[in-house]
Amino acid sequence: MKSHTRVAIIGGGVVGCSVLYHLTRLGWKDVTLIERAELTSGSTWHAAGGFHTLNADTNMAALQGYTIGLYRELEQISGQSCGLHHVGGITLASTPDRMDYLRAERAKHRYMGLDTHLVTPEEIRELSPITNTDGIIGALYDPLDGHLDPSGTTHAYARAAKKQGADIILRNRVLSLVPRTDGSWEIITEQGVMHAEHVVNAAGLWAREVGEMVGVNLPLHPMEHQYLATEKIDEVVNRSTELPHVMDPEGESYLRQEGQGLVIGFYEQNCDPWAVDGTSWEFGHELLPDNLERIGDSLALAFKRYPVLAEAGIKTVINGPFTFAPDGNPLVGPVPGLRNYWSACGVMAGFSQGGGVGLILAEWMVEGEPSRDVFAMDVSRFGDYCTKPYTRIKVRENYQRRFSVSYPNEELPAARPFHTTPAYGKWQQLNAVFGSGFGMEHVNYFAPKGEEPFEIPSFRRSNAFETVAEECMAVRTSVGINEVHNFSKFDVRGEKAREWLDHIMAGRIPRVGRITLAPMLSPKGRLIGDFTISRLEEDVFQLNASYGSQSFHQRWFEQNLPESGVSIRNISQQRIGFQIAGPSARTLLNRVVRADVSNEAFPFLSITAMQVGPCDAIVQRVSYTGDLGYEIYVPANQQIALYDVLTEAGADLGLRPFGMRAMMSLRLEKSFGSWLREYKPDYMPAETGMDRFVAYKKEAEFIGKQPALEEKQRGPARKLCTFIVEAEDADVVADEPIWIGDEVVGFVTSGGYAHYSEKSVAIGFLPVESIREGLNVEIEILGKRRSATLFEGMLFDQSGKRMRG
């Protein structure tokens with residue numbers, strides 16, 4: 001065994017071999033894969049081998065399309081067959097909501113270039129005569145779907161990588177990992193010690209154990225998964241072409257042809273987590289005991305949907321473990337808190353996603369960042385809140401929902417509430433309907449008294465519609481109160497703090513007592529953060545951004561910190577409070593402080609320490625509602641005192657609590673963008689309008705400066721626009737295609753209903769040559785093209801007098 005390698009990949013399943021191949025493809029040849037047994041010895045060997053492009057996240061769907069398209073190339077390079085069967089796939093819809101979901105997915109595929117089709121029950125029977133279409137409304141057909149040989153495909157990746165210079169070491173378990181001071185690693189194995197500049201954890205079923213070697217609790221858990229292979233079936237034997245895959249969400253099953261019989265697998269409700277206390281190193285090329293009783297209800301539904309199964313003999317039962325993350329997507333990228341330790345784990349759909357995971361991780365390692373926004377599978381999307389029991393509960397929930405409809409307004413209940421603020425009990429008393437992000441509860445809206453605090457999941461306007469309208473009206477006509485805990489908060493201080501912020505942020509750094517809005521860019525000029533920078537003292541700053549991206553941002557900060565002169569602390573749960581917003585917000589604040597809060601003394605984008613009632617507070621004059629507003633921060637143990645002071649003082653002003661549903665409606669009236677919708681690593685400043693916050697002329701060579709300058713000089717090819725939509729009972733969510741005539745020319749990034757203005761609003765990209773005030777377009781919502789008009793102004797406070805006055 002050699003003593004040194006640039007990259008050591010731990011794990012010889014399809015994902016590890018894909019990472020190995022893609023690193024060599026991008027030019028890193030000194031790469032080594034270390035496998036404890038033989039290739040495919042974990043989950044890979046017993047996988048059903050299906051592949052598909054359907055995924056709620058558009059970038060994930062695109063990467064799945066990349067994976068599927070890669071297989072022919074792999075066969076040519078490696079000389080190894082992948083056993084490809086491009087037979088197409090049908091996803092059935094038996095309810096109006098399921099059909100709405102498929103219409104929404106089909107609409108996304110239009111601008112993604114995926115050739116999917118909605119089909120009728122008659123067309124389903126033509127494609128798959130063995131499918132009983134009773135109760136079926138329609139389906140989505142994808143000609144790219146199919147299946148392959150898991151072992152052959154894994155070996156194709158491995159052979160292609162070896163031809164390009166990679167090494168593979170088998171039957172050599174990694175025993176421990178020891179970090180060196182220079183960021184590299186000593187890998188202690190059964191065959192000796194290897195020094196690696198980078199380590200990739202692609203250990204699959206053993207990824208938790210390989211994480212624990214370096215003190216990391218990766219949010220993963222294996223689940224038992226069963227599928228059956230039948231004996232020969234005449235209706236299959238007598239066909240001249242292979243049957244397509246059929247996914248029956250109602251029956252929680254997938255079905256495909258296997259030789260002269262069928263394979264059917266289930267994601268049943270009565271599911272079992274596996275290896276709760278860890279995966280044994282002795283486990284490997286073996287299966288778990290059959291448990292047909294667990295899938296009895298699903299089998300009964302399968303016999304109705306596919307009558308030929310009722311008479312078919314069972315040839316084989318496969319019951320094996322697969323590893324899942326809490327949301328079902330992979331965990332990929334640099335692990336926060338560690339240097340040169342990378343994750344490629346939790347890829348439960350390895351033959352749909354393995355190629356894309358390998359590509360993205362290789363780009364990240366070789367080029368410094370991936371070529372697209374991959375937050376949906378970034379390991380940093382989870383944080384320390386993911387304890388082992390929390391992870392297990394959420395993984396089980398995700399497994400049970402594998403074939404469930406994903407509604408845009410749905411909040412999943414498992415392991416909740418988990419993290420809460422002191423105000424949680426107050427909100428419960430007011431009949432709050434809660435959501436959750438990054439493990440933290442937040443209020444979505446307040447249900448009327450006597451009504452169950454539950455928002456009915458829907459693709460259309462929900463039962464929350466009228467109540468959210470009332471909350472918006474309260475903010476615009478009097479004053480509203482809302483928690484500010486769902487923004488991340490970082491305390492940055494030190495003699496080099498200003499210099500460091502000037503380097504890491506593309507915007508201006510404020511003077512003491514002031515606030516600036518600043519994008520944070522990647523080295524290629526892409527948006528990786530949308531920050532509020534507040535300067536409390538000469539060398540003390542507060543940064544605010546997305547609560548759900550705090551681990552993502554913390555990782556970037558740590559990767560770019562100087563050796564001394566700057567300290568940074570995540571204080572997101574320690575410094576919390578409320579925002580008050582609306583025309584009476586200043587009147588309310590004035591009642592509870594001794595300080596002068598007039599516009600002259602405390603103008604827009606100011607920050608100062610104040611005594612608010614009995615609390616020592618930090619007050620910022622800024623509001624995402626686009627109205628006159630203030631954000632008031634206190635230590636967590638003073639939040640209830642702050643609430644009591646504000647509510648007592650604001651009672652005669654009509655103070656009303658409002659939630660995130662209202663907040664996201666109000667921001668539309670100012671065309672304010674939202675992180676990971678309008679602003680994300682797919683986009684650059686000028687195309688999103690964030691260039692107005694980039695200090696291109698400042699002396700500091702901020703990260704991403706040159707690419708950002710080049711984009712500004714050449715001009716963007718597309719820009720964000722706001723549209724007023726002639727909607728009916730459904731508004732845009734995101735990713736809907738925008739039509740001009742019979743051509744899809746753009747896509748929606750976000751939108752909804754602006755209640756105060758009584759307009760359905762969409763924000764989305766159009767080519768710059770098409771943009772003009774009053775342009776009429778059509779936006780496809782749930783399969784219907786709705787007329788929409790481009791609007792270049794603002795629906796509320798066009799002049800900014802209310803917000804700034």
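Start at Gly27, the residue that follows helix 1. Its phi is positive, near 110°. Remember that this is a predicted model.

Now step back and select residues 14–25, which make up helix 1. Check the length. The 12 residues, at 1.5 Å a residue, should span 16 Å, and the end C-alpha atoms are 16 Å apart, so the two agree. Next, show the surface. Helix 1 is mostly covered, with 11 of its 12 residues buried. Among them are Val14, Cys17, Leu20, Tyr21 and His22.

Go to strand 12, residues 221–230, and pick out Gln226. Is Gln226 buried or exposed? Its relative accessible area is 0%, under the 20% cut-off, so Gln226 is buried. Show its side chain. That side chain reaches the backbone nitrogen of Asn291 at 2.8 Å. Then display what surrounds Gln226. Leaving aside neighbours within four places in sequence, its contacts include Gly265, Phe266, Asp290, Leu292, Arg294, Val317 and Asn319.

Last stop: the second largest pocket, with a volume of about 710 Å³. Select Pro334, Trp364, Arg555, Trp556 and Gln559; of the 31 lining residues, these are the closest to the pocket's centre. Colour strand 18 (341–345) and helix 14 (550–559), the elements that each give two or more residues to the lining. Helix 14 gives the most, with 5 residues. Finally, colour the lining by class: 17 residues are nonpolar, 6 polar and 8 charged.

Methods: Residues numbered from 1 in each chain as written. Predicted model: local features only at pLDDT ≥ 70, side-chain atom pairs only at ≥ 80, totals over all residues. Heavy atoms only, no water. 1 Å grid on protein atoms, 1.4 Å probe; cavity = no way out; pocket = protein on both sides within 12 Å on 5 of 7 lines; lining within 4 Å. Points joined across faces, edges and corners; volume = space filled by probe spheres on them. Helix = DSSP H or I, 4+ residues; strand = E, 2+ residues; numbered from the N terminus. Nonpolar A, V, L, I, M, F, W, Y, C, P; charged D, E, K, R; others polar. Buried < 20%, exposed > 50% of the residue type's maximum accessible area, 1.4 Å probe, protein only. Polar contact = N/O pair within 3.5 Å; in protein donor to acceptor, adjacent residues only side chain to side chain. Contact = heavy atoms within 4.5 Å. Expected span 1.5 Å × (residues − 1).
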